[in-house]
Amino acid sequence: MSSRSLGPTLIAVGFGIIVIPFLVMFVLAIGPLGWALLGGAVIVLGIVVSLRESTGYGDVNRTNRTNCDDCGARIDADADTCEYCGAAR
Ligand SMILES: [Zn+2]
């Protein structure tokens, strides 16, 4: 079993040996301002993602929804029939 997982491990280690110096060079090259920009980009990304998520929840909340009297599923409050069980409302 160890001989099976050794190959991928060695490949990963090899990639690490190749990539790590480039990462170190990148870290040293971008400097404090680069890190600030990188952090700012991640923060902006997080804000955009959370805004999109909250907008999605807002859409659900804005739509007037109610529970079906028959099956209890969430359906539009102004729907004539339940979209899940077809019961007339
Ligand atoms: Zn229903």
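Visitor: Why is Thr81 called partly exposed?
Guide: Thr81 has 13 C-beta neighbours inside 10 Å. A residue is buried if 20 or more other C-beta atoms lie within 10 Å of its own, exposed if 12 or fewer, and partly exposed in between, with C-beta atoms placed from the backbone. Thr81 therefore counts as partly exposed. This is a predicted model, in which local features need pLDDT of at least 70, side-chain atom pairs count only at pLDDT 80 or more, and totals for chains, interfaces and linings use all residues. Residues are numbered from 1 along each chain as its sequence is written.

Visitor: What makes Asp70 partly exposed?
Guide: Asp70 has 15 C-beta neighbours inside 10 Å, so Asp70 counts as partly exposed.

Visitor: Where in the chain do Asp70 and Thr81 lie?
Guide: Asp70 is in the loop between strand S1 (65-67) and strand S2 (74-76), and Thr81 is in the segment after S2. Helices (H or I, at least four residues) and strands (E, at least two) are DSSP runs, numbered from the N terminus. The protein chain has 1 helix and 2 strands, in the order α-β-β along the sequence.

Visitor: Which residues is Thr81 in contact with, leaving aside neighbours within four places in sequence?
Guide: They are Gly86, Ala87, Ala88 and Arg89. Two residues are in contact if their C-beta atoms, placed from the backbone, lie within 7 Å. Asp70 touches Cys82, Cys85 and Ala87, not counting residues up to four places away in sequence.

Visitor: What share of contacts between residues at least 6 apart join residues at least 24 apart?
Guide: The share in the protein chain is 0%.

Visitor: Where does UniProt place the feature "transmembrane region"?
Guide: The unreviewed UniProt entry puts it at residues 7-27 and 33-51. UniProt positions are given in the numbering used here, feature names are shortened, and annotations may be inferred rather than shown by experiment. In the model, residues 7-27 are 100% helix and 0% strand, and residues 33-51 are also 100% helix and 0% strand.
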